[in-house]
Amino acid sequence: MTDSSHTLPMDLTNHQQIEALGRRVLAGGQLEPPDVHWLFELRASADVYDLMAWANRIRERFKGRRVQLCSIVNIKAGGCPEDCKFCAQSAFYQTGAPRYGLIDFEPIRAAAAEAKRNGVLSLGLVAAWRGLGQGPLLDQVCAHIRAVAAMGVSAHASLGLIQSQAVADRLKAAGLVCYNHNLETSERFFPKQCSTHSYQDRLQTLHYLRQAGIKICCGGIIGLGETRADRADLALAIRQAGAQMVPLNFLHPISGTPYQHNPPLPPLELLQTIACFRFVLPQADIMVAGGRVVNLRDTQSLMFMAGASALMVGNYLTTLNQPVEKDLQMIRDLGLEPGQHGDPQPAQATDTPQTQPVAVAPAATPA
Ligand code: SF4
């Protein structure tokens, strides 16, 4: 039995406590912070498998068999003035990652067409820069968003910090459906990752997005050297932010960044992280994004049993992914179905009043 201060009687076994928390979530209840920390702190592999079994039931109940697919295109690469230590695109580090300014529409059109061919009806436009204010850059981005939407593809974006409510409102008016802005890690650990902007800056951007009525995609990156408590607090902060899509990235150490020698985390610990996020955010789509192939290795398909309900397909921003066809085959082999933006939620979830339709979202951390 694990010692903790969570909200259940202490004479229960871990198995009984996981079951009690799982049943609470299935019934539409919410976990309290001490419960969340307790789940993240579980260490025994038997407990983790138990946790995954319940996370799988929660995923089935609230998300059904559909796996939402997301794809991205980098519309401005490298040379970012921010110093996020995990990121290949920061100008602070010599990583050899591509560098180019805001691209024309043609490559975006091609990416949208390819996404459609793969059955992915959303495209995230991602830019490596500090963020967006009013001005010609915003005008160009809005034009790109309008053009993507005109192709019948849901336009999503990950464009860094938003400087004002007016900027968020302009993106919404251009037809933006969903915006990715990750909190990355806990508020406590964030200053060790980045010194050029603050956690508060990120929360403020999420506030502008909410006010504008843009769907929020907000996740983080695991493997930075954070504690399990940091992961628990990240999950709670994302719940607080009202995220509907939650991308989880697993650090893929990039040569030239401060984290180039970070050791990989055990795959089972990453699966546990997915499962814990599923417990905390039962109705959100938990998306496994960057670093999945290199970190999960042969356990990759277990991510769905751990509670994942969305997948980044196609290449990431600076690293390669496995071919889309292989991902689609994996999904079908597991008896799951590739989902589309706007798909209805599963019938078995309709008896739960909190269930809301959610959208496919764009990329996660540009790393
Ligand atoms: S994570 Fe984003 S803000 Fe940070 S360095 Fe990379 S591109 Fe810039």
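This is a predicted model: local features need pLDDT of at least 70, side-chain atom pairs count only at pLDDT 80 or more; totals for chains, interfaces and linings use all residues.

Q: How do you know that the span of helix α4 agrees with what it should be?
A: The expected span of a helix is 1.5 Å times one less than its number of residues. For the 13 residues of α4 (residues 105-117) that gives 18 Å, and the end C-alpha atoms are 18 Å apart, so the two agree.

Q: Which residues of α4 are called buried, and which are called exposed?
A: A residue is buried if 20 or more other C-beta atoms lie within 10 Å of its own, exposed if 12 or fewer, and partly exposed in between, with C-beta atoms placed from the backbone. In α4, Ile 108, Ala 111, Ala 112 and Ala 115 are buried. Because these buried residues fall within an arc of 100 degrees seen down the axis of α4, they line one face of the helix; the arc is that of the directions from the helix axis to the C-beta atoms. On the other side, Glu 106, Pro 107, Ala 110 and Arg 117 are exposed. For the chain as a whole, 50% of the 367 residues count as buried.

Q: What do the buried residues of α4 pack against?
A: They pack against β2 (72-76), β3 (122-127) and α5 (136-150). Two residues are in contact if their C-beta atoms, placed from the backbone, lie within 7 Å. With α5, the residues that meet are Phe 105, Ile 108 and Ala 112 from α4 and His 144, Ala 147 and Val 148 from α5.

Q: What makes that contact five nonpolar, one polar and no charged?
A: Ala, Val, Leu, Ile, Met, Phe, Trp, Tyr, Cys and Pro count as nonpolar, Asp, Glu, Lys and Arg as charged, and the others, Gly among them, as polar. By those classes, the contact of α4 with α5 divides into five nonpolar, one polar and no charged residues.

Q: Why is Leu 334 called partly exposed?
A: Leu 334 has 14 C-beta neighbours inside 10 Å, so it counts as partly exposed. Its place is in the loop between α12 (324-333) and β13 (337-339). Leaving aside neighbours within four places in sequence, Leu 334 is in contact with Ser 301 and Phe 304. The C-alpha atoms of Leu 334 and Leu 302, 32 residues apart along the chain, are separated by 9.6 Å.

Q: What makes Lys 326 partly exposed?
A: Lys 326 counts as partly exposed because it has 13 C-beta neighbours inside 10 Å. Lys 326 sits in helix α12, and its C-alpha atom is separated by 9.8 Å from that of Val 313, 13 residues apart along the chain.

Technical notes. Residues are numbered from 1 along each chain as its sequence is written. Helices (H or I, at least four residues) and strands (E, at least two) are DSSP runs, numbered from the N terminus.
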